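Reader: I would like a close look at one part of this model, namely the salt bridges and the residues that take part in them. Please set out the criteria as you proceed.

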Amino acid sequence: MSLNNIFAIAGSAMSAQSVRLNTVASNIANVDSVSSSADQTYRARKPVFAEMFDQSMQAHGWNNVNDNGMGAGIGVQVKGIIESDAPLEPRYEPDHPMANESGFVFYPNVNPVEEMADMMSASRSFQTNVEIMNSAKSMMQKVLTLGQS
């Protein structure tokens, strides 16, 4: 692995954390959006990440590169965004303008506390990857100055 791979790996992680932050923002924005039916109610969304492996290593017989700890990951990819299957919160509010004929209003399954913790985790992960890129850049600059003096 060269130092150039570090930039690609950290960049893919920063991109993945950006997607995570966007889903958290969407969930927080819809925490109080109500609906008159369970089908139309907003459901919390979560991104699914997967590690990307170097395809050339697998082509040379390193099929189980992750089992022996010698795998060569080349970054993180977002496999998709899934909706949470946690139950919605029906509330009996017959005076609410969105209440159905039974008097129930459906609230999304978004937990604001979990979303805030997820946002802090994504933010810290993003910052960590920025620091990794800065450290790699600093090391590359030091290598360039080795021949001087």
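Author: Glu 115 is buried, with a relative accessible area of 1% (buried means under 20%, exposed over 50% and partly exposed in between, with a 1.4 Å probe and protein chains only). The model is predicted, so local features need pLDDT of at least 70 and side-chain atom pairs count only at pLDDT 80 or more, whereas totals for chains, interfaces and linings use all residues. Residues are numbered from 1 along each chain as its sequence is written, and side-chain values use heavy atoms, with hydrogens and water left out.

Glu 115 meets Lys 46 in a salt bridge at 3.0 Å, N to O (a side-chain nitrogen of Lys or Arg within 4 Å of a carboxyl oxygen of Asp or Glu). Because Lys 46 lies in strand S1 and Glu 115 in helix H3 (residues 112-144), this pair ties together parts that are 69 residues apart in sequence; helices (H or I, at least four residues) and strands (E, at least two) are DSSP runs, numbered from the N terminus. Lys 46 itself is partly exposed, at 26% relative accessible area.

Lys 46 also forms a salt bridge with Asp 118, with 3.8 Å between the closest N and O atoms. Here strand S1 is linked to helix H3 across 72 residues. Asp 118 counts as buried, at 16% relative accessibility. Through shared partners, salt bridges join Arg 20, Lys 46, Glu 115 and Asp 118 into one network.

The count comes to 5 salt bridges. Among them is the pair of Glu 83 and Arg 45, whose closest N and O atoms are 3.4 Å apart.
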